[in-house]
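Reader: I am new to reading structures. Please pick one part and take me through it closely, step by step.

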Amino acid sequence: MVSKTTYAGVDVGASRTKIALLDSNQNLIGHAVKRSGTDFAATADTCLATALKMSGTQKSDIKFTVSTGYGRKNVVFAQDSKTEIGCHAKGCYLYFPFATTIIDIGGQDNKVIKLDAEGKRTSFKMNRKCAAGTGAFLEEMAMRLDVTLDDMNELASQSDNMVKLGSFCTVFSATEVLENIRQGKKLPDIVKGVYYSMIKRVLEMDALTEKVVMTGGVVAHNAFMVKMTEEMIGRKILVPEYPQLTGAIGAALYAMQS
């Protein structure tokens with residue numbers, strides 16, 4: 001039976017805002033994801049309303065709220081805030097309670113976080129200064145190829161002769177994509193090349209140890225990317241049921257401890 005006492009976590013990323021509502025047994029009872037836009041506070045309010053409706057609870061049922069992410073200070077209804085790294089680690093450990101390397105591919109940044117068997121963070125790396133390998137990079141490539149992000153997953157799976165892109169820079173990669181289009185290369189082969197470029201960039205951030213978990217909005221909408229990564233590293237990859245919500249779930253777990 002679902003407890004009415006609720007704990008909220010809000011992850012305001014530069015690209016998407018995510019909210020997770022947990023009951024006192026750590027069950028996910030409501031959630032929402034929306035584009036962050038330019039008014040982070042209003043988007044967080046909209047996400048909360050959607051998640052409350054899904055959970056069948058009221059705002060007054062929320063005992064505590066913690067925010068995280070790029071716009072965490074903009075969440076008016078949050079009583080506390082935590083770092084993205086801490087929340088992603090905590091959210092992942094809820095579903096995979098053993099030593100892991102977490103690869104989070106977000107809209108504007110990538111993270112590689114290592115946890116020991118007790119869930120303690122042992123190291124992390126994050127790219128903030130370049131969009132290469134991020135969701136923003138993928139969106140730029142989709143625009144250049146005139147396809148939707150959802151189409152890219154299907155197209156990449158159809159490739160039988162992947163085009164390798166030599167540059168990791170978003171601007172230079174876009175130029176390479178245009179050149180391959182001019183040369184008449186098949187669209188599926190170009191899209192798979194874009195995926196390959198992203199994965200290679202992320203794998204260069206740090207060595208993968210222990211079991212590997214992938215999270216983030218890009219992973220949530222591009223299952224083929226997970227399959228490609230498994231082939232590149234020769235290992236099985238674990239993915240939580242809601243990979244885009246990991247940070248928000250971690251924030252809700254912090255709320256439970258407050």
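Author: Start with the cavity lining, by class. The largest cavity in this predicted model is lined by four nonpolar, two polar and one charged residues. Now put names to them. The lining consists of Gly91, Tyr95, Pro240, Glu241, Tyr242, Thr246 and Ile249. Glu241 is the charged one, because Asp, Glu, Lys and Arg count as charged.

Next, look at where the lining comes from. Two helices each supply at least two of its residues: α2 (84–95) and α9 (246–257). How much space lies in the largest cavity? About 50 Å³. How many cavities of 30 Å³ or more does the count give? The count comes to one.

Now move to the sheet. It is open and has five strands, in the order β8-β7-β6-β9-β10. The pairing is mixed. In general, strands of a sheet pair through backbone hydrogen bonds, either parallel or antiparallel. The edges here are β8 (121–127) and β10 (237–238). Each has a single partner strand, so one side of each is left without a neighbour in the sheet.

Strand β7 (residues 110–115) pairs with β8 in the antiparallel sense, over six bridges. Find Val112 and look across: Lys125 in β8 stands opposite.

Helix α6 (residues 187–203) lies across β6 (100–105) and β7. Its direction makes an angle of about 135° with β6.

Technical notes. Residues are numbered from 1 along each chain as its sequence is written. This is a predicted model: local features need pLDDT of at least 70, side-chain atom pairs count only at pLDDT 80 or more; totals for chains, interfaces and linings use all residues. Side-chain values use heavy atoms; hydrogens and water are left out. On a 1 Å grid over the protein atoms alone, a cavity is a set of points where a 1.4 Å probe fits but cannot get out, and a pocket is an open set with protein on both sides within 12 Å along at least five of seven lines; lining residues have an atom within 4 Å of a point. Grid points are joined across faces, edges and corners, and a volume is the space filled by probe spheres set on the points. Helices (H or I, at least four residues) and strands (E, at least two) are DSSP runs, numbered from the N terminus. Two strands pair if DSSP finds at least two bridges between them. Contact means heavy atoms within 4.5 Å. Axes are lines fitted to C-alpha atoms, for helices over the stretch in contact, and angles run from 0 to 180 degrees between N-to-C directions.
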